[in-house]
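Welcome! Take a look at the sequence and the model, and then we can walk through some of the details together.

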Amino acid sequence: LSAKPWAWRGEFFGAFANADIALLGKGFHLVYLGVPNLFGSPEAVAQWNGFYQELPGKYGLAKKVALIGLSRGGLYCYNWAAANPDKVACIYADAAVCDFKSWPGGKLKSLGKGNGSAAEWQNLLKAYNFSSDAEAIAYDKNPIDNLKPLAEARVPLLHVYGDADNDVPWDENTGVLAGRYRKLGGSITLIPKSGVGHHPHGLEDPTPIVEFILQHGTAKP
């Protein structure tokens with residue numbers, strides 16, 4: 001028997017889940033590990049690594065997983081994927097944080113219009129053990145900085161985003177990531193939503209998302 005296909009949610013399990021439900025109907029398994037307030041930090045990646053070790057062997061899941069990253073879930077998915085590119089079938093990111101200087105930092109005013117979150121920025125500094133804002137801003141392992149492993153592994157990406165998102169502006173996150181990924185020879189599909197802000201996530205008709213994950217998430221390694 002072939003290994004079971006599966007999708008792993010980075011954050012907000014059960015939120016805007018029409019694509020997840022459709023995947024369940026197609027024979028996918030859905031997985032989630034709650035590590036809130038870690039923002040995809042090295043500690044979060046370590047916990048994901050430990051969790052992954054349980055899944056293919058113990059439960060018969062495929063060695064490669066489709067990652068689903070909504071909002072800050074993008075940090076978890078991309079940071080784990082960059083550390084484990086051989087274990088990733090594809091990534092679907094939705095209004096995803098791809099650079100924490102944008103959110104929760106709100107530090108890229110010259111580029112865009114991100115509001116940031118002062119409280120969440122303090123949580124992020126703690127999660128990454130940064131001693132100062134300057135140390136966090138100098139960090140060079142945000143998803144936008146760490147795409148080469150994914151491009152070399154030919155991991156296909158899908159990003160859905162609202163072009164009026166003032167919380168996680170697409171041009172500070174998805175836009176930068178897409179440009180860099182394509183320069184590295186990577187494949188990324190963009191689905192913009194005109195006039196839509198950070199919410200709602202996903203698509204009213206999730207077919208394009210589901211078809212992307214079915215196409216790549218069930219591919220043989």
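With a relative accessibility of 22%, Tyr 139 counts as partly exposed, because buried means under 20% relative accessible area, exposed means over 50%, and partly exposed is in between (1.4 Å probe, protein chains only). This is a predicted model, in which local features need pLDDT of at least 70, side-chain atom pairs count only at pLDDT 80 or more, and totals for chains, interfaces and linings use all residues. Residues are numbered from 1 along each chain as its sequence is written, and side-chain values use heavy atoms, with hydrogens and water left out.

**Aromatic pairs**

- Rings of Phe, Tyr and Trp (its six-membered ring) pair if their centres lie within 6.5 Å; planes under 30 degrees apart count as stacked, over 60 as edge-to-face and the rest as tilted.
- A search of the whole structure finds 17 aromatic pairs.
- Phe 100 and Tyr 139 are stacked, because their ring centres are 5.6 Å apart and their planes are at 20°.
- Phe 100 sits in the loop between strand 4 (88–94) and helix 4 (118–127), and Tyr 139 in the loop between helix 5 (133–138) and helix 6 (148–152), so this pair ties together parts that are 39 residues apart in sequence.
- Helices (H or I, at least four residues) and strands (E, at least two) are DSSP runs, numbered from the N terminus.
- Phe 100 is buried, at 0% relative accessibility.
- Tyr 128 and Tyr 139 are edge-to-face, because their ring centres are 5.5 Å apart and their planes are at 75°.
- This pair links distant parts of the chain, 11 residues apart: Tyr 128 is in the loop between helix 4 and helix 5, and Tyr 139 is in the loop between helix 5 and helix 6.
- Tyr 128 has a relative accessible area of 9%, so this residue is buried.
- One aromatic cluster is formed by Trp 6, Trp 8, Trp 48, Phe 51, Tyr 52, Tyr 76 and Trp 80.

**Cis peptide bonds**

- Trp 103 and Pro 104 are joined by a cis peptide bond, with omega about 5°, and Pro 104 is in the loop between strand 4 and helix 4.
- From His 199 to Pro 200 the peptide bond is also cis, with omega near -5°; Pro 200 is in the loop between strand 6 (188–193) and helix 8 (207–217).

**Positive phi angles**

- Asn 37 is not a glycine, yet has a positive phi of about 65°.
- Asn 37 lies in the loop between strand 2 (29–32) and helix 2 (42–59) and is partly exposed, at 41% relative accessible area.
- Phe 39, another residue other than glycine, has a positive phi near 55°.
- Phe 39 is found in the loop between strand 2 and helix 2 and counts as buried, at 0% relative accessibility.
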